[in-house]
Structure formats: C-alpha cells, structure tokens
Amino acid sequence: MQKILFLCLLISVSVFGQDKNPYTLDVSLIRGNAMSHSEDMSHLVNGHPEGFMATFGKRTDGSKEWHQAYNFPDYGGYFLFQDFKSQPLGKNYAVGAFYNFYFWKRQLQFKLSQGIALTTNPYDKVENSKNKAFGSKFMGNTNFGLVYDNQKLFKDFGFHAGFLFTHFSNGRVKSPNSGINTYSLNIGVNYNLSKDFVRVIDTSSVKKSYKEPIHYNVIVRTGINENPIINSGQFPFYHIGFYADKRINRKSALQLGTELFLTESMKEYIKYYSVAYPEMNIKSDTDYKRIGLFVGHELLINKISLEAQVGYYVYQPFKKDLAIYDRVGLKYYFTDKIFGGFTIKTHLFLAEALEFGIGYKI
C-alpha cells in the first residue's frame, strides 16, 4: 500500500508538475473498524478494515462568487480501496466526486465525497451466503471526514491526519443489503502541482441579502428496489413530494413538506408476512402506501446543493419499518425552476431506496 502511495506522488510530480495548474494530488492510508449496526453483521466484522484513498482535486481561485463564500474549497474526483479483512465481505473499490471545505485558518478540513462502488464478494446463495451486507456487485459509496491539514510541510508537499467515515450500500436495489459503515484513522500526504497559484479575494463586492420569499416545490423520485426478503423480486417505486422552502441566507434554505410513498416491493413483503407470521395478524391486503411529513435543510453551494431531510410516517398501515425515516443526497439546478437529484432514503442505518428525482419550483 505504501508503494502505491509513493508511486502516485511520483506520477503527479513528473506528469502534472507545471506552474499554472491549480491542482492537488492527495493520498491517504486508512485503517479502522466496521460498525456492527445489525444482528446479522457481528460475524462479518472481526477484522480491522484498511485501504487507501486517492484524490485529484482543483483548488478554487476566487473567480466565482461561491469560491469565497465557502472559504475557497477544493473539489474533484476520488478513488477509494478498502479491504474489510473478512472473507465474506472481500474488498471494495469506489470512484466519485468530492468537496473539501476548510476552517480554522485552513488547517482543519472537512471532507465530503459520494460515488459508486464495486465489491469483489457480493452475496451468493451457494458460494457466499454469509454476506448479508452487499446484495449486488455495484452499490453507492458515501464518505466524510475531519482532518488536520498542513499543505506546506515541505516545499510543495503537505501532510494531513484525521478521521474518515465510509458507507457502502446499494440502497436495497437488491437484497440483502445491511450495508457497511466503517470509521477509520487516516494519514497521508498531498502534493501541490502549482508553484505560483494565487487566489483572488474580492474586497470590493457589496454584501447583499439572499433571503427569499417562500417557494413551493413538487418532486417525483423513482427507482427500483427489493424488499428485505432475498429473491423476492425488484419493483419500481414512486415517491411524490410537495414542500415549501425558505432561503434564509447565502448558504441555507429550510424545508417543510409531505410526501406519498408508492413502493411496489412492499406488496410482496406484506403478503410474505401475512403467511409467514400469522400470529402478527397482518392481512395480505394491508395497504402498502405510506404518507410522511418531513423537515429538511438545503446547503446551497452553486448549481449543486446538499440536501438532508428527516421525516415521520403519519400514515403507515404496515408498520414493519421504523416510523422515522431520513434522506441525504445531492441536488442540481438545471434552471432556477427545474432541478434534479440523487438521494438515499434510510431508516437510521438501514437503506430502503436509491432515489433519482426531478422537481419543479413553483
């Protein structure tokens, strides 16, 4: 693993080491523990997962308003390798996009990244029945971390160390899907590819109010998923939401809304429970629909924003899932009125759906 780290740095110096590239290469070694968040995970997390994360990022220079508003973050692409030190779980590889946000005189860095992952050992009824974490070969990956960052340790080389949280889940596109969460220590180095990079700090701009009146939004989220019973079949779902949002400043908007969940895979789940657990007195024709109320927050960056919501089912005839649900993801504004999004809906640590949405701001 150490050889890979130094090889990446050598390539970066020889290929990208030019004066006017506002780019950085960052390589981190990670080692930690997996979180046993469900009963069927305890036999899978008996080792210490380790791996490395490499990022190729661009430093913002102040040429756009959001650069300075967010204290000149970095953004770019990442590659993550993680060996879970568990034969049933195997190894995961992930690629995606990241943001690095800076605090405390740019010495404290908050990392946020999201992408897609491939696992070497997905669940298989015959060959790998113990792996209840990954029901499919491909899945989603989310990471966030907090690190101390010194970008000028020696000439153009920097050093960083801190904590990293990683999450792998296919959003129950296919069961089983307990997913894996790990928390790790990470330590690494970075190389600044530009020797004369200069940030433009605009001191002449006039502060303005970003407060806006209340807007109303409608959004339809869809995809496919499978209920927790393995091989029960994949079905489409339609989550239809209506909410009001209020922008309160440059970075934040608050949300309050309701949504209807039409999750087709729940129909088979209800039929299964009505037969398998007659003592629970669940009828096979129990309504599968759910209605939720939610509050949310949107972190507005540029055309991209980060969205987080917490909801409660006010109508839930089939009560197998928790009454509280949550959702996190990305939103992209195509225009001032039309937006799209990619989110993951969960009940605490257990994912239910990977949602692709399209919405309209009235």
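Predicted model: local features only at pLDDT ≥ 70, side-chain atom pairs only at ≥ 80, totals over all residues.
What does Tyr243 pair with? Its partner is Phe294, and the two rings form an edge-to-face aromatic pair, 6.0 Å centre to centre, with 65 degrees between the planes. Tyr243 belongs to strand 10, residues 234–247, while Phe294 belongs to strand 12, so this pair ties together parts that are 51 residues apart in sequence. And Phe294? That residue is buried as well, with a relative accessible area of 2%.

Now let's step back to aromatic pairs in general. How many aromatic pairs does a search of the whole structure find? The search gives 28. One of them joins Phe81 and Tyr93, and this pair is tilted: the centres are 5.2 Å apart and the planes make an angle of 45 degrees. Phe81 sits in strand 3, residues 74–83, and Tyr93 in strand 4, residues 91–103, so you will see distant parts of the chain, 12 residues apart, being linked.

The charged end of Arg106 sits over the ring of Tyr102, 4.0 Å from the ring centre. In another place, Lys331 lies over the face of Phe339, at 4.5 Å from the centre of that ring. Hold on to Lys331, as we will meet this residue again.

On to salt bridges. Side chains of opposite charge can pair when their charged atoms come close. How many salt bridges does the structure hold? It holds 20, and I'd like to walk you through a few.

Take Arg221 and Glu259. They form a salt bridge whose closest N and O atoms are 3.8 Å apart. Arg221 lies in strand 9, residues 215–226, and Glu259 in strand 11, residues 252–263, so the bridge ties together parts that are 38 residues apart in sequence. Both Arg221 and Glu259 are buried.

Next come Glu352 and Arg290, with their closest N and O atoms 3.0 Å apart in a salt bridge. Here Glu352 is in strand 16, residues 350–361, and Arg290 is in strand 12, residues 290–300, so this pair ties together parts that are 62 residues apart in sequence. Glu352 is buried, and Arg290 is too.

Lys331 forms a salt bridge with Glu307, and their closest N and O atoms are 3.1 Å apart. The bridge links distant parts of the chain, with Glu307 in strand 13, residues 304–315, and Lys331 in strand 14, residues 324–333, 24 residues apart. Both of these residues are buried.

Which residues are linked in a network of salt bridges? They are Arg221, Glu259, Glu298, Glu307, Arg327, Lys331 and Glu355.

Let's zoom in on one member, Glu259. Why does Glu259 count as buried? Its relative accessibility is 2%, and buried means under 20%, so Glu259 falls in that class. Its side chain makes a polar contact with the side chain of Tyr325 at 2.7 Å, and another with the side chain of Arg327 at 3.1 Å. If we leave out residues up to four places away in sequence, Glu259 touches several others, among them Ile240, Gly241, Ile291, Gly292 and Phe294.

Finally, the nonpolar cores. The largest one has 18 residues, and those touching the most other members are Leu80, Leu89, Phe134, Phe168 and Ile180. Strand 1 (23–35), strand 3, strand 4 and strand 7 (157–169) are the elements that give two or more residues to this core. Leaving aside neighbours within four places in sequence, Phe134 is in contact with residues including Phe84, Leu89, Met139, Phe168 and Ile180.

There is a second, separate core of 10 residues, which includes Ile219, Phe294, Tyr333 and Phe339.

Notes. Residues numbered from 1 in each chain as written. Heavy atoms only, no water. Salt bridge = Lys/Arg side-chain N within 4 Å of Asp/Glu carboxyl O. Helix = DSSP H or I, 4+ residues; strand = E, 2+ residues; numbered from the N terminus. Buried < 20%, exposed > 50% of the residue type's maximum accessible area, 1.4 Å probe, protein only. Phe/Tyr/Trp six-rings, centres within 6.5 Å; stacked < 30°, edge-to-face > 60°. Lys NZ or Arg CZ within 6 Å of the ring centre and 35° of its normal. Core = buried A, V, L, I, M, F, W, Y, C linked by side-chain atoms within 4.5 Å. Contact = heavy atoms within 4.5 Å. Polar contact = N/O pair within 3.5 Å; in protein donor to acceptor, adjacent residues only side chain to side chain.
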